[in-house]
Structures are given as structure tokens and as C-alpha cells.
Amino acid sequence: MQNFLIELKELLLIALRAIRVNKMRSVLTTLGIIIGIVAVTTMSTAIVGLREAFINSISSLGSDVLYVDKFPWFMSGNWYLLRNRKDITYDQYEKLRQIFTDYEAMAPNKRSFGVNVKYEGKSVTSTLVTGTTEEYSRTSNIVPEDGRFFTEFESKAGRKVCLIGKDIKDALFPNISAVNKIIKINNTPFKVVGVIEKQGSGFLGMFSMDGQIIMPLKAFESIIGEARNRMRIDIKVKDISRIEDVKEEIIAAMRTIRKVPPGKPDDFAVNQQEAIKDMYDKTVGVIALAGIAITALSLFVGAIGIMNIMFVSVTERTKEIGIRKAIGARRISILLQFLIEAAIICMIGGIIGILVSFPLSLIINQFLPTSMPIYIVILALLISATVGIISGMLPAIRASKLDPVESLRYE
């Protein structure tokens, strides 16, 4: 073992010396690998960053919450049949609460966008307004940073109370507490009972959740209208391990409530967070495969370049190979010498590629979220070493098979 390590050290020194002697050629040889590694790491950081941002954006949906809605989140089938479905109603929500009782919280809600909010001459437009019940605080995990959520009594009575997001609070109440202040929403007075803690971007970053307003459902319908927005029922399950069973139970209950005949398809949908993740992963998977194909082509071109240079190197160094064999070097030593040389060249290309792609990912991060975890760096280096070993294999085999007497004839 000790002799092997000593020999490996010598081979490493020989390979580094050969690379140092042919600096320019080595640099040019690594260009294909550098381009390939930059492509691999940049694509990977973009995909990882986008997925992290996507998961964060849908985290408010909750993995333990089911959403009973008129439409599925991802449309399939005949759109004309789907659009003729009847809306979910408050009466159906109340019947569902009676039939299906295995839940932690259940909240009906309606939503609208872009209502005008005023306070003492100041005005701001909300990004989202939700009309719901007190149980929405548990189905959505909404936590007031200041104040409280509205009560069951306030919800049933349709009191004009609301919670506002941080953006609205900062715009209307920059230096004072917003709690117990009277604001006007679509010119209707509402009492602010709570300020929601900072939420960040909403689903897929389409709007800021910090510009939202939450109010009792009856109050919402009084200022927005009953028929303008469709209802959704959010159900937080007690045991997430039973979520699929619970989903089937809810479907059975809703079919009964909506009088869907046996054998007929559901005229509603029960959505969940996992469906969005699966769809996202499938879509990004296709993009990733296309990216892998492009980067693989770049690495293949780089590997061919390294293979050609290594063949040239073997031809130029036949005398050196002959001398080494004549004084007792084994075929495996010659083979390892050229494999190590090819691997080092590719590793250098991989390191340079990572050094280029890191600042590049920071630039891209100004427009799209990126992330470069350590496993991407390790993967890039492993790919570089693998390409080096594969591309150097044929030249190394050729070098190891050279006859020492024939080799020494080269002058």
C-alpha cells in the first residue's frame, strides 16, 4: 500500500509537470469543460433557486389543508363542461360541516382583488381581499403581528372589522398602531382589529400577500357583492397521514350534498398543495432534461478536445514512455499517468467553471431566484473528473501498450 501511494504521488507530479510545460495548450483544452460546467452549474442553481422560491410561495397553502372548489387548479378535459359547473355555496359549506366532522378547522372564503383603502386623506390599493370566518386563522396559519383575528360572533354578525397586511399598515399608519383605527374600504368604514405579520410574495410571486385584507364573509359580500366571486372551502385535516383518505371522504360528502348521480363525474374539485408540487416538478423536469442534453453536448465536445490533445501528448512523449518502460515502469503506471493528467486538466476546468458560474448566478439572482448548495459544487467537480477519466482512457491505453524498443526509436 505504501509503495502504491509513493508511486501515485510520483505520477501526480509527472502529470502536473506535463501540464505546466504545456500551459497554453492545457488552458485551451479546458475551455470546452469550462463552458460545460458553467452551463451545468448555472442551470442547476436556477432550477434549485426557482424550486425553493416556488415552495416558499405555496407554503401558505399548507400541506395539511384541502381546498374544495368549483374548478381544479390544473384544468383537464372539456373546458365548456367545467365552466357550467354550479358554484360552491354557503349552504353546501354548512351541510359539509354536518356530514363530515373529521377536521381541525373549516373555513369558507371568497376573494377579490384591488379594492381602494383610505385613512385620513391617505389612500392605497389592496392586492387581495378575503371574506371568510374566524376558522380561517387556522386553515391559513395567519398570525396577527399586532391585535387579533376577528371572533366567531363578529363573523356571524358580519361586523365591519378587518385585518390588514404590513404594506397597507405601513402606507396608512407609518408611525402609529393601526389597531382600532377606522379605515374606509370601498368607502365603507371598517375597524382594524389586527395587523398580519409579514407574508412576502403570494402564489408564484404574482402579488404581495402584505397588501391583503381579511374580513368576515358577510361584510365582504356587503361591499363586494354575493354573486361576483365564487366560494372555496378550506379544510385543515387532523392527521396529515390520512389526508388521502380524508380527501375521498370529502369527495363522497360533496357528491351527496351536490346530488351528483352515481357514475357521473364530480362537478367540483378537491385541490391540495401536492398537486401543485407534482405539476411544477414535471414541468421543470422537462426543462431540466433539455438543459442536461445541451450541457451534455458541450461536455462531449470538451471531452473530444481533451481526447485529441491527449493523443497528441502520447505521440509527443513516446520517447519518455519508452525510457520509463525500459527502466521498469509497469503498463498500469503509464495508464494511470495519462488518466491522472486528463483528470487534472478537467478538474482545473471544473474549478474555473464554478468560479465563473458563482458570480453569474448572483447576477441572475437579480432577476430570477438562484441557489448554489454545496452538493451542486461537488457534483460539478465529480462530473469534471469523470469526463477527464473517460476522455483520457483511450490515449492512456494506447500509451500503456507502446513497445519500449519501438518507443525509443522516436528522436
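Predicted model: local features only at pLDDT ≥ 70, side-chain atom pairs only at ≥ 80, totals over all residues.
Colleague: Okay, in which sense do strand S7 and S9 pair, parallel or antiparallel?

Modeller: Strand S7 covers residues 161–164, and four bridges link S7 with S9. The sense of the S7 and S9 pairing is parallel.

Colleague: And how many bridges join strand S8 to S9?

Modeller: S8 takes in residues 182–185, and S8 and S9 run antiparallel. Lys184, for example, has Pro189 in S9 as its bridge partner. In the hairpin of these strands there are two residues between them, and Asn186 has a positive phi near 50°. The number of bridges from S8 to S9 is four.

Colleague: Which residue in S9 does Pro144 stand opposite?

Modeller: Look at strand S6, residues 144–147, which pairs with S9 in the antiparallel sense over three bridges. In S9, the residue opposite Pro144 is Ile196.

Colleague: Why is strand S9 described as largely enclosed by the rest of the structure?

Modeller: Buried here means under 20% relative accessible area. S9 spans residues 188–196, nine in total, and it's largely enclosed because the number of them that are buried is seven.

Colleague: Let's switch to helices. How far apart are the axes of helix H12 and helix H13?

Modeller: H12 is residues 331–364 and H13 is residues 374–400, packed at an angle of about 150°. H12 passes H13 in a right-handed crossing. Their contact is made up of 20 nonpolar residues, five polar and one charged. The distance between the axes is 7 Å.

Conventions
Residues numbered from 1 in each chain as written. Heavy atoms only, no water. Buried < 20%, exposed > 50% of the residue type's maximum accessible area, 1.4 Å probe, protein only. Pairing = 2+ DSSP bridges. Axes fitted to C-alpha atoms, helices over the stretch in contact; angles between N-to-C directions. Left-handed = near helix turned anticlockwise from the far one by under 90°. Nonpolar A, V, L, I, M, F, W, Y, C, P; charged D, E, K, R; others polar.
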